[in-house]
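Have the model open as you read.

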Amino acid sequence: MEYGSGGGGTSGGGGGGDHDPSDPQRRKKRYHRHTALQIQKLESMFKECPHPDEKQRLQLSRELGLAPRQIKFWFQNRRTQMKTQHERADNSALRAENDKIRCENIAIREALKNVICPSCGGPPVTEDSYFDEHKLRMENGQLKEELDRVSSIAAKYIGRPISQLPPVQPFHISSLDLTMGNFGGQGIGGPSLDLDLIPTSSNLAFQPPVISVMDKSLMTDVAANAMEELLRLLQTNEPLWMKSSADGRDVLNLDSYQRNFPRAMSHLKNPNVRIEASRDSGVVIMNGVALVNMFMDSNKWFESFPTIVSVAKTIEVISSGMLGSHSGSLQLMYEELQVLSPLVPTREFCILRYCQQIEQGLWAIVSVSYDIPQFASQFQCHRLPSGCLIQDMPNGYSKVTWVEHVEIEDKTPTHQLYRDLIHSGMAFGAERWLTTLQRMCERVACQMVSGSSTRDLGGVIPSPEGKRSMMKLAQRMVSSFCSSISTSSSHRWSTLSGLHDVGVRVTIHKSTDPGQPNGVVLSAATTFSLPVSPQNVFNFFKDERTRPQWDVLSSGNAVQEVAHIANGSHPGNCISVLRAYNTSQNNMLILQESCVDSSGSLVVYCPVDLPAINIAMSGEDPSYIPLLPSGFTISPDGRRDQGDGASTSSNTQGSMARLGGSLITVAFQILVSSLPSAKLNLESVNTVNNLIGTTVQQIKAAMNCLSS
């Protein structure tokens, strides 16, 4: 440890006073590094007497060869250090006690909700079954006293009594009469199919809480501590982070983490909580200010990560930060994160997101779970301090270092197809976030380029405005496709048939959005695995020459690409307008977007009539063009590469190149009827069932995997 040998720029310890005060060297603070023997003697003296008098300081200075001024400053610094350590220990103990009492309050409220009579299942009664008015009043008074007592305890920690907490509002779902008694014995899975009709736009299933001044103070403290922890996780390597011997990824050393960041207890009740932690870094083609604006706006956050973020809403802005800057901005947010498969439930978080500008051109953004008492029991995931460090680089680029750290309580087993991918931490890990961010930033950069970057065989995209309009239309198509697969609470999936171990999952909803056809829409999806690398599966779906092998709607006819818009540096990231040969629908084209990065890929397409395509290509607003997209998502299966007999076409695909097998989700959307009051009939169910079944079999046949 280094200590100044003088105070406030004055003379060094014991050096005399013959120097010229105007000498610039004189004004610089000089430092002296004490020897191990000196420090040992000082520490020994500090244990005996933390406040030595002048006589003791003079004696120490003679023994150690130091100036009395240096002795005085050393003891001052040591006392400050001890005080800081004691305050940190007290804060940790208080936070642990706070968490403990909060959990007890939640448990008490849950217990009070579920009190029943063990013999009859009804409300408990005393031996005397008759309660007169006097007894009821007495019991009511006792309950009020108990409620006041519990509420006063809770008020110390959550800022308001329990009685003032807003009630949980149920999510109202309008039902559609879908009784199908004639389904029995036809392979649908029962005598009737219970599906619910839900609107396309989902809202939070709870009302925003009332945030008190005490709550805001507590949130600010939680966010500041989370930021401090995140910065250490971002900037420290060993022993906190170790390199995986299997794939070279950063792996968190949990023992070292517990020593550096001790916690009294897990935030989740299950003792078998699973930890997922990962870190990754890379360069993105976007400046730091633009990235900060994207992360601190829940709508932009949702639009930028449609394959990961299923729902994102700002519950309340706790602090808006400095004027004209997001530095110091603190928001309470709700988000659901997804893997694009009906087999993987979404992860729900109520988080604090806090932004801080460390220095010019350097930003840090942290997200950490914040348990709102009335909703805490709903979530099976707890986000420990996670986020990113954004550093500006020349030419508008930024270096981003990302950390993901969550506790997971698996109340239901992870589906066997996704067990390896999820338990390895790759499904929701830092690498997936960062590679998706890199791809989306490239897409934004391509959209902003004013010059023509289209390969347009027919000259049908005449202007940069037309290109941007087409890119907006394709972006909405991809977002709609991802929403149709999402297992968010706004969807209710039902299994239609035993096509294979997974079956076909369906949901229906009444479409009211201007960007979708009006009426009842049926969404169906299934997931299956193939022992083929994700890159080769993506190439198969992307190649126009192999499309007739899987597209049952093309009736085996070839397709031609009539327009092409590049979306990034990888040739697979692009938007295409396709035309099918030898079909009776010459007025119909296919809009398709393909996306690929190291975490996976997708191919999304949608039939669009020629007049609508002309509207978009002319640069007009494409928001009202109706889209009902279908497509495929491709993910690594999380297992080590066992070889599929063919090499990948690129060495830059990270996880897609490292891992052998693929998980493929096929999803279709069908307009059942343009009448909102229509009923789902057997013909529609069989149509989508046969469509998905035939598509899966054709894919397996084309990839020589019929036995898988």
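## The largest cavity

The largest cavity is lined by 23 residues, and those nearest its centre are R432, S599, G600, I634 and S635. Keep in mind that this is a predicted model. The cavity's volume comes to about 280 Å³.

Which elements give two or more residues to that lining? They are α11 (430-448), β20 (588-597), β21 (600-609) and β22 (630-636). Sorted by class, the lining has 10 nonpolar, nine polar and four charged residues.

## The second largest cavity

In total, the structure holds nine cavities of 30 Å³ or more.

The one that gives the most is β12, with three residues. By class, you get six nonpolar, three polar and four charged residues around the second largest cavity.

## Where α2 meets α3

Now for the helix pair. Helix α2 (residues 36-48) packs with helix α3 (residues 54-64) at an angle of about 160°, and their axes are 11 Å apart. An angle over 145 degrees counts as roughly antiparallel, so that's how α2 and α3 run relative to each other.

The crossing of α2 past α3 is right-handed. On the α2 side, Q38, K41, L42 and M45 make the contact, while α3 brings in Q56, L60, E63 and L64. Those contact residues split into four nonpolar, two polar and two charged.

Definitions and conventions: Residues are numbered from 1 along each chain as its sequence is written. This is a predicted model: local features need pLDDT of at least 70, side-chain atom pairs count only at pLDDT 80 or more; totals for chains, interfaces and linings use all residues. Side-chain values use heavy atoms; hydrogens and water are left out. Axes are lines fitted to C-alpha atoms, for helices over the stretch in contact, and angles run from 0 to 180 degrees between N-to-C directions. Helices (H or I, at least four residues) and strands (E, at least two) are DSSP runs, numbered from the N terminus. Angles under 35 degrees count as roughly parallel, over 145 as roughly antiparallel, 65 to 115 as roughly perpendicular and the rest as oblique. A crossing is left-handed if the near helix is turned anticlockwise from the far one by less than a right angle, and right-handed if clockwise. Contact means heavy atoms within 4.5 Å. Ala, Val, Leu, Ile, Met, Phe, Trp, Tyr, Cys and Pro count as nonpolar, Asp, Glu, Lys and Arg as charged, and the others, Gly among them, as polar. On a 1 Å grid over the protein atoms alone, a cavity is a set of points where a 1.4 Å probe fits but cannot get out, and a pocket is an open set with protein on both sides within 12 Å along at least five of seven lines; lining residues have an atom within 4 Å of a point. Grid points are joined across faces, edges and corners, and a volume is the space filled by probe spheres set on the points.
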